[in-house]
Amino acid sequence: MAVVQKKMEPCLMSNRILRRALADTFRKLDPRLQIKNPVMCIVFIGALLTTFITLRDVGRSLFNPQGIFNLQISLWLWFTVLFANFAEAVAEGRGKAQADSLRRMRTDVQARRLRNGREEPAPASALRVDDRVVCEAGDMIPSDGEVVEGIASVDESAITRESAPGIRESGGDSSAVTGGTRG
């Protein structure tokens with residue numbers, strides 16, 4: 001009987017990711033970045049306009065019903081823009097952390113490289129373009145590539161978060177495999 005201890009996965013909501021996301025939230029207020037997302041760009045423009053109107057009305061009287069309404073609308077629009085920027089920055093940070101995790105995993109994998117019809121062990125970092133490797137059920141796929149012979153059921157849950165494995169076959173439309181996934 002073997003005792004196996006699962007290693008802890010890297011935290012995808014670490015303080016480092018959140019701090020970086022908070023800084024990126026305000027960096028993303030640059031109009032050149034806002035224009036890339038048309039819906040949030042409209043909300044951003046609305047926030048600017050209502051803020052301008054609210055500040056213009058401060059001289060008259062902010063505490064009349066119209067001034068209070070304008071202030072509330074401005075605050076809600078700014079909250080929406082900042083929250084959307086923060087959510088986008090967190091998603092980017094988590095994606096980068098996930099990619100880094102897969103890259104680290106891929107460098108530790110040993111591949112079974114084919115050379116002159118014979119298998120030889122090689123670290124995944126030593127693989128080059130056009131190298132062929134053998135993968136069997138349960139093996140970690142050492143590098144990004146394409147199935148050129150046979151068929152495989154590939155567990156891509158580390159990337160897609162889907163529990164069902166994907167079928168990859170040579171010559172088909174879906175023959176690409178990603179390094180760090182399990183065959």
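How many strands form the open sheet, and in what order? Three of them do, in the order 2-1-3, with antiparallel pairing.

Before you click around, know that this is a predicted model: local features need pLDDT of at least 70, side-chain atom pairs count only at pLDDT 80 or more, and totals for chains, interfaces and linings use all residues. Residues are numbered from 1 along each chain as its sequence is written, and side-chain values use heavy atoms, with hydrogens and water left out.

**Stop 1: the sheet**

Select residues 110-115, which are strand 1. Strands (E, at least two residues) and helices (H or I, at least four) are DSSP runs, numbered from the N terminus. Two strands count as paired if DSSP finds at least two bridges between them. Strands 1 and 2 pair in the antiparallel sense over six bridges. Look for Ala111, whose bridge partner in strand 2 is Ala122, and for Arg115, which stands opposite Arg118.

Between these two strands the hairpin has two residues, and Asn116 takes a positive phi near 55 degrees there.

Next, bring in strand 3, joined to strand 1 by two bridges. Here Leu114 sits opposite Arg132.

**Stop 2: the largest pocket**

Stay with strand 3 (132-133), and select strand 4 (145-146) and strand 5 (151-154) too: each supplies at least two residues of the lining of the largest pocket. Strand 5 gives the largest share, four residues. On a 1 Å grid over the protein atoms alone, a pocket is an open set of points where a 1.4 Å probe fits, with protein on both sides within 12 Å along at least five of seven lines; lining residues have an atom within 4 Å of a point.

About 800 Å³ of space lies in this pocket. Its lining has 28 residues, with Val133, Cys135, Glu146, Val147 and Val148 nearest the centre. By class, that's 15 nonpolar, five polar and eight charged residues.

**Stop 3: a helix with a salt bridge**

Jump to helix 1 (residues 15-27) and pick Arg20 and Asp24, four residues apart, about one turn of the helix. They form a salt bridge, with the closest N and O atoms 3.6 Å apart. The rule asks for a side-chain nitrogen of Lys or Arg within 4 Å of a carboxyl oxygen of Asp or Glu, and by it the count comes to six salt bridges.

Terms used:
Points joined across faces, edges and corners; volume = space filled by probe spheres on them. Nonpolar A, V, L, I, M, F, W, Y, C, P; charged D, E, K, R; others polar.
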